[in-house]
Amino acid sequence: MISLCFSSQSFAKNPASTFTTESLSNSWKTWKENKNIKVGYQQIKGSNLIEIKAQAAIQSSLAGFLLFIQDTDNITQWLDNAHSSNVLKQISPQENIFITSFKSYWPITERYMVVNSRYWQNEDLSLEIEVHNVEDNEYVNHEMIQIEVIKAHWKITPVNSQNINIVYTIIADPKGAIPFWLTKRISLNSLWKTMNNMQKQLPLSPWQKHSLSNIKEHQDE
């Protein structure tokens, strides 16, 4: 669940993976970066919201990545501040509705999000995951505040059979009376921690040994 801007500097190689930056307008500001991860943001005009974007070069297969992020039992180990996550409804093998709750800490109360997530593979073998908010009385939790996911999107591009480049963008409204400066700091810091957790855990995940019949992997020459 989670959000970016980038300079013209290129990322260092991560074994065989090279981080490729995108051309972005001057409205994007870099928040933090290292040799394989970059997080930035841009202000959404006319609102107190920001769009956050993360780019990362990580060692993983395409199927390994998909299975890793779909493993709800493991999400709390890499998604920063997540308390629990469960699939509420499977629409198809590629589309699910799931709920994720987040821990409370002063002065932020507990929050949750309910989203629809759908993925597909393009002809160039890249994967895309489209995420949008679900507002349904069936899933309302009156004891917590529901985050509104206005827009979220993943693009995963294979560099070779063992390395991928990730681009993740998100606009989310945390709702409630949270000062803008605090929302901004928490959101950026959370995504940074999440991407670092993913970079450490994904290459070692047991899901790397699995494949998906509907996903074509990059074939090294």
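This is a predicted model: local features need pLDDT of at least 70, side-chain atom pairs count only at pLDDT 80 or more; totals for chains, interfaces and linings use all residues.

Student: How many helices and strands does the chain have, and what makes a run count as one?

Tutor: The chain has three helices and twelve strands. Both are DSSP runs numbered from the N terminus: a helix is H or I over at least four residues, and a strand is E over at least two.

Student: How do you know that the span of helix α3 agrees with its number of residues?

Tutor: The expected span is 1.5 Å times one less than the number of residues. Helix α3 covers residues 180–201, which is 22 residues, and should therefore span 32 Å; its end C-alpha atoms lie 31 Å apart, in agreement.

Student: What fraction of the chain is buried, and what does the term mean?

Tutor: Of the 221 residues, 46% count as buried. The term means under 20% relative accessible area, with exposed meaning over 50% and partly exposed in between (1.4 Å probe, protein chains only). Among the buried residues of α3 are Leu-182, Leu-188, Trp-192 and Met-198.

Student: Why is the pair of Lys-151 and Glu-51 called a salt bridge?

Tutor: Side chains of opposite charge can pair when their charged atoms come close. The term requires a side-chain nitrogen of Lys or Arg within 4 Å of a carboxyl oxygen of Asp or Glu. In the pair of Lys-151 and Glu-51 the N to O distance is 3.1 Å, so the pair meets the definition. The pair links distant parts of the chain, with Lys-151 in strand β11 (residues 148–160) and Glu-51 in strand β5 (residues 50–59), 100 residues apart. A search of the whole structure finds five salt bridges.

Student: Are Lys-151 and Glu-51 buried or partly exposed?

Tutor: Lys-151 has 38% relative accessibility and therefore counts as partly exposed. Glu-51 has a relative accessible area of 9%, so it is buried.

Student: Which residues are linked in a network of salt bridges?

Tutor: The network links Glu-148, Asp-173 and Lys-175. Lys-175 is in the loop between β12 (163–173) and α3, whereas Glu-148 is in strand β11, 27 residues apart. Lys-175 is partly exposed at 33% relative accessibility, and Glu-148 is partly exposed at 24%.

Student: Why is the pair of Trp-154 and Tyr-168 called tilted?

Tutor: Rings of Phe, Tyr and Trp (its six-membered ring) pair if their centres lie within 6.5 Å; planes under 30 degrees apart count as stacked, over 60 as edge-to-face and the rest as tilted. By this rule there are three aromatic pairs. For Trp-154 and Tyr-168 the ring centres are 4.2 Å apart and the planes stand at 45°, so the pair is tilted. Trp-154 belongs to strand β11 and Tyr-168 to strand β12, 14 residues apart. Ring pairs link Phe-65, Trp-154 and Tyr-168 into a cluster.

Student: How do you know that Trp-154 and Tyr-168 are buried?

Tutor: The relative accessibility of Trp-154 is 6%, so Trp-154 counts as buried. Tyr-168 is buried because its relative accessible area is 1%.

Student: What makes Ser-126 a buried residue, and which residues does Ser-126 touch?

Tutor: Ser-126, in the loop between β8 and β9, has a relative accessible area of 0% and is therefore buried. Contact means heavy atoms within 4.5 Å. Not counting residues up to four places away in sequence, Ser-126 touches Trp-120, Gln-121, Lys-155, Ile-156, Thr-157 and Pro-158.

Note on methods. Residues are numbered from 1 along each chain as its sequence is written. Side-chain values use heavy atoms; hydrogens and water are left out.
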